Amino acid sequence: MTDYKLLSAQIAALGQQEGWYVPLLANASAAVWQALPDLNWAGFYVMRRGQLVLGPFQGKVACIHIQPPRGVCGTAAAEDRTVVVPDVHAFPGHIACDSASRSEIVVPIHHGGVVAAVLDIDSPTPGRFTEADRTGLEQVAREIEKAILF
Ligand code: SME
């Protein structure tokens, strides 16, 4: 079980050190990677000229451009909501960057009132992400939003 209170406090502390999105999201991806067991990918896509572009992450080489509303990331960005996918093979349009991925959660991050990035986390285990993970990761996203600068 992940201690989301601790993880959120760590992210808040990182945000107080530096708000620029490159180091903040780089360290946030590392903090998520360390705090959540059973992952194969954890990182960010950043909105740029209407497209999601690969940002800081932990895991294997990933696809660089995602055009919303494609994939799980594009759905979360276009509909501005957290998307939990218990079985990626059953999600129409899922973009398979790492063939090990079986379940996924994507959480939007806002800046200036719009979706500016998404937090994307993949697991090799089907149904890995619970309601507690959703609530905890949305709290992490709120902490990132308080500090992030582009
Ligand atoms: N599976 C994602 C693409 C990004 S990779 O998981 C890192 C999607 O369908 O949006």
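**Helices and a core**

Guide: Ser8 has its place in helix 1 (residues 4-17). Helices (H or I, at least four residues) and strands (E, at least two) are DSSP runs, numbered from the N terminus. The model is predicted: local features need pLDDT of at least 70, side-chain atom pairs count only at pLDDT 80 or more, and totals for chains, interfaces and linings use all residues. Residues are numbered from 1 along each chain as its sequence is written, and side-chain values use heavy atoms, with hydrogens and water left out.

Visitor: Is Ser8 buried or exposed?

Guide: Buried means under 20% relative accessible area, exposed over 50%, and partly exposed in between (1.4 Å probe, protein chains only). Ser8 has a relative accessible area of 6%, so Ser8 is buried.

Visitor: Which residues does Tyr21 touch, not counting residues up to four places away in sequence?

Guide: Tyr21 lies in helix 2 (residues 21-35). Contact means heavy atoms within 4.5 Å. With residues up to four places away in sequence not counted, Tyr21 touches Ala26, Val46, Pro56, Ile148, Leu149 and Phe150.

Visitor: Which residues touch the most other members of the largest nonpolar core?

Guide: A nonpolar core is a set of buried Ala, Val, Leu, Ile, Met, Phe, Trp, Tyr and Cys residues joined through side-chain atoms within 4.5 Å. The largest such core has 27 residues, and those that touch the most other members are Leu7, Leu36, Leu119, Ile121, Leu137 and Ile144.
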